[in-house]
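Subject: Handing over a structure, with notes

Dear colleague,

I am passing this structure on to you, and the notes below go through what was found in it. Please read them with the model open beside you.

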Amino acid sequence: MELNKNQKRAINLVQIEKSINEIDRTVELSFASEEPVIRKIEDNFYNEILLCSPENVDLNRLNDGAPLLVEHDAMRQVGIVENARVDMDKVCRATVRFSALGTAQTIFGMIQEGIRPKISVGYNIRDYYLDGNNLIITKWE
């Protein structure tokens, strides 16, 4: 099996209005969970499951001021990741801060209005195993 180790996931921003701080221009969001996502690898479909415990997720890059991007485009930075963590419910969450300038102001406003209700996270797979049709990701960043 040939696995692409650079992946992306789209996630709905649930109850985002409760997680927006307009004064600090921050948004608290979840970016990963152990909820399966269907992946097609070669001609087969798998349930990709990201294990979300501190021993599975390397958050060093995110916690080093990772850029907050529009459409994964490095030329369209709109803010930074202020902190990222894995919570006890096995959900990865982050606080992101938007710039007050240019496109960032527009994107932040669209989030406040509910026009942009999704986020997408890119991640690198470091280790995994197959369990039937389940692709279990044991190490990722």
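Since several of the notes speak of exposure, one term comes ahead of the rest: a residue is called buried when its relative accessible area is under 20%, exposed when that area is over 50%, and partly exposed in between, as computed with a 1.4 Å probe on protein chains only. By that scale Arg85 is partly exposed, because its relative accessible area is 29%.

Please keep in mind that this is a predicted model, in which local features need pLDDT of at least 70 and side-chain atom pairs count only at pLDDT 80 or more, while totals for chains, interfaces and linings use all residues. Residues are numbered from 1 along each chain as its sequence is written, and side-chain values use heavy atoms, with hydrogens and water left out.

The sheet and the hairpin

Helices (H or I, at least four residues) and strands (E, at least two) are DSSP runs that are numbered from the N terminus, and two strands are said to pair if DSSP finds at least two bridges between them. On these terms, five strands make up an open sheet, with antiparallel pairing, in the order S2-S3-S8-S7-S6. Strand S2 (20-21) and strand S6 (67-70) each have a single partner strand and stand at the edges, so one side of each is left without a neighbour in the sheet. Between S2 and strand S3 (residues 26-32) there are two bridges, in the antiparallel sense, and Ile20 has Val27 in S3 as its bridge partner.

Another antiparallel pair is formed by strand S4 (residues 37-41) and S5, which five bridges join; here Lys40 has Phe45 in S5 as its bridge partner. The two strands form a hairpin with two residues between them, and Glu42 in the turn has a positive phi of about 55 degrees.

Salt bridges

A salt bridge is taken here as a side-chain nitrogen of Lys or Arg within 4 Å of a carboxyl oxygen of Asp or Glu, and by this rule the count comes to eight. One of them joins the side chains of Glu28 and Arg85, at 2.5 Å from N to O. Glu28 lies in strand S3 and Arg85 in strand S7 (residues 73-86), so this pair ties together parts that are 57 residues apart in sequence. Glu28, with a relative accessible area of 26%, is partly exposed.

Arg97 and Glu82 also meet through their side chains in a salt bridge, at 2.4 Å from N to O. Because Arg97 lies in strand S8 (residues 92-98) and Glu82 in strand S7, the pair ties together parts that are 15 residues apart in sequence. Arg97 is partly exposed at a relative accessible area of 35%, and Glu82 is partly exposed at 36%. Salt bridges with shared partners also join Glu28, Arg85, Asp87, Asp89 and Arg93 into one network.

A further salt bridge is that between the side chains of Arg116 and Glu71, at 3.2 Å from N to O. Arg116 is in the loop between helix H1 (102-113) and strand S9 (118-131), whereas Glu71 is in the loop between S6 and S7, so that the pair links distant parts of the chain, 45 residues apart. Arg116 is partly exposed, with a relative accessible area of 26%, while Glu71 counts as exposed at 54% relative accessibility.

The core, and a buried tyrosine

A nonpolar core is a set of buried Ala, Val, Leu, Ile, Met, Phe, Trp, Tyr and Cys residues joined through side-chain atoms within 4.5 Å. The largest one has 33 residues, and those with the most contacts inside it are Val27, Phe31, Cys92, Phe98 and Trp140. At least two residues of this core come from each of S3, strand S5 (44-50), S6, S7, S8, H1, S9 and strand S10 (134-140).

Tyr123 is placed in strand S9 and counts as buried, at 2% relative accessibility. With a polar contact meaning a pair of N or O atoms within 3.5 Å, where within protein one must be able to donate a hydrogen and the other to accept it, and where residues adjacent in sequence count only if both atoms are side-chain atoms, the side chain of Tyr123 makes one with the side chain of Arg39 (2.9 Å) and another with the side chain of Glu48 (2.4 Å).

With best wishes
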